[in-house]
Amino acid sequence: NTVNLMEIKQDVSQLINWGKQGGGPFENSKEPDGQCSANDFSSVHSKDLLPADKGEDVTKHFLQELLNILLAYISKSLNRSSKVLDFHHPHQLKDGLEGFSLELPDQPDNLEQLLVDCRDTLKYGVKTGHPRFFNQLSTGLDIIGLAGEWVTSTANTNMFTYEIAPVFILMEDIILKKMHSIVGWSEQEGDGIFCPGGTMSNLYSMLLARYHFFPEVKTAGMYALPPLALFTSAHSHYSIKKSAAVLGIGSENVILVKCDERGKMIPRELESCIRAAQSKGLVPFYVNGTAGTTVYGAFDPLNDIADICERYGLWMHVDAAWGGGLLLSKKHRLKLQGIDRASSITWNPHKMMGVPLQCSAILVKKKGLLQECNQLCAEYLFQPDKHYDVSYDTGDKSIQCGRHVDVFKLWLMWKAKGSEGFESQVNHCLENAEYLYYKLKSRKDFQLVFQSKPEHSNVCFWYLPSHVRNMPPGPERDRELHVVAPKIKAKMMEDGVTMIGYQPLGDKVNFFRCVFSNPATQKEDVDFLLDEITRLGCEL
């Protein structure tokens, strides 16, 4: 054990030195003269790796070479002088670049080619962990989370029964209970499961709500039910409509509730929509409140929505996929006041908490409902006479059979950071948003989409070229402004040094949306983004 510990310390020391030198071949301390990285894999194939006889050494050297590639990529991702992306059009990648081909061979390629393919796959992708990548809600590259993903893939197990995933099943139980507690539910309340993304978590909420009110749907189908109606804000995520379509409720029965200028659902409009649906013979059953809308980052008034749901006997779901992380911040959690009154909640740790994709949970207040709604008691998996507590065979709660282990990386990060670490991370991201807001407010060549301070880390704005700046408000100015963001974004992707998204919304023409969820991003990166937009805008 002492020898192994010394070897680990030597490897860590070499890794630190490697990082200081900016990457490159990483020599394992046990291999003299860099023998590991000098291996010739041109005549070696996957059949020579474990479990092949005497395959241990070549497996070790191959994985060490792969680690060199990954470490170099991580170093570049966090290096501000490196590009966020090396953009190529689809036809260029399909045709092949510098020996990188997407075509599949009949005869096996050697390991040398596979290592080149791994390197090029990362080279031509997008460095979402780069401090100047602002394009999506999921950004950053947490090293502990990455380690957790590697361990998860190495274990390569399934989350349906305790017998094949005992540690991961217990970790999921512990994490879900922690999340219930943070939401504000009692120990007697709360259930849940990790899902492949927020859309699936939202679908679960609608599935459960329908079963709760109409359990006969599980066997008799929608023919046994009256025409249903559900309600969500006009700024909510499109997955609510998609879930209604998938479940046979119908997207036309999703009633969009008006929002105020800040993007929050207006409670009196919700109540008006419920009454209007009832007058048309529809049966309201479900309301979705959003905690952190995708574009504006708005928080619906959850307590007011909860009051209405209680008055009309409706299921209240909160889509906190984006905003759930704010529950970890004492400074910002009040923005989700009333979330404890929800019947179900979507929370994506792969967004604001920075957990590597994918990591999403559906939290359900009523215990046992997930099992009742989804279980089919497959006898080859869920035998009731096993020798352990079969309540830990959680697979029948899920609409999936095979389920990826998404919980370990979150558990490991929580161990590494503690709740306080996540709190600091969330606060930092929102401080960056506030910094950007004040920078934009002070400049004449930018215009905020709305004047109030950001509630979340979303900041929405237009860049105003000089010719647009001097135009009076009206359709002609809107037409000119509408093409500015797409043109800047196209040039930005060609240059590859930063990346930000844009979109129209309602009567608003295309505007930029900057979001912060990467703790590596600093104020200097915000300044760089504005300088880059200005530089590209001046060239229009």
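Two strands are taken to pair if DSSP finds at least two bridges between them, and both helices (H or I, at least four residues) and strands (E, at least two) are DSSP runs, numbered from the N terminus. The model is predicted, with local features needing pLDDT of at least 70, side-chain atom pairs counting only at pLDDT 80 or more, and totals for chains, interfaces and linings using all residues. Residues are numbered from 1 along each chain as its sequence is written, and side-chain values use heavy atoms, with hydrogens and water left out.

In these terms, five strands make up an open sheet of mixed pairing, in the order 1-11-12-10-9, whose edges are strand 1 (133–134) and strand 9 (446–448), each pairing on one side only. Within this sheet, strand 10 (residues 459–463) and strand 12 (residues 508–514) run antiparallel and are joined by three bridges, with Phe 461 standing opposite Phe 512 of strand 12. Helix 17 (residues 523–538) lies across strands 1, 9, 10, 11 and 12, at about 25° to strand 10; here contact means heavy atoms within 4.5 Å, while axes are lines fitted to C-alpha atoms, for helices over the stretch in contact, and angles run from 0 to 180 degrees between N-to-C directions.

Another open sheet, also mixed in its pairing, contains seven strands in the order 2-8-7-6-5-3-4, and its edge strands, strand 2 (191–195) and strand 4 (254–257), each pair on one side only. Strand 2 pairs with strand 8 (residues 360–364) in the antiparallel sense over five bridges, and Gly 192 has Leu 363 of strand 8 as its bridge partner.
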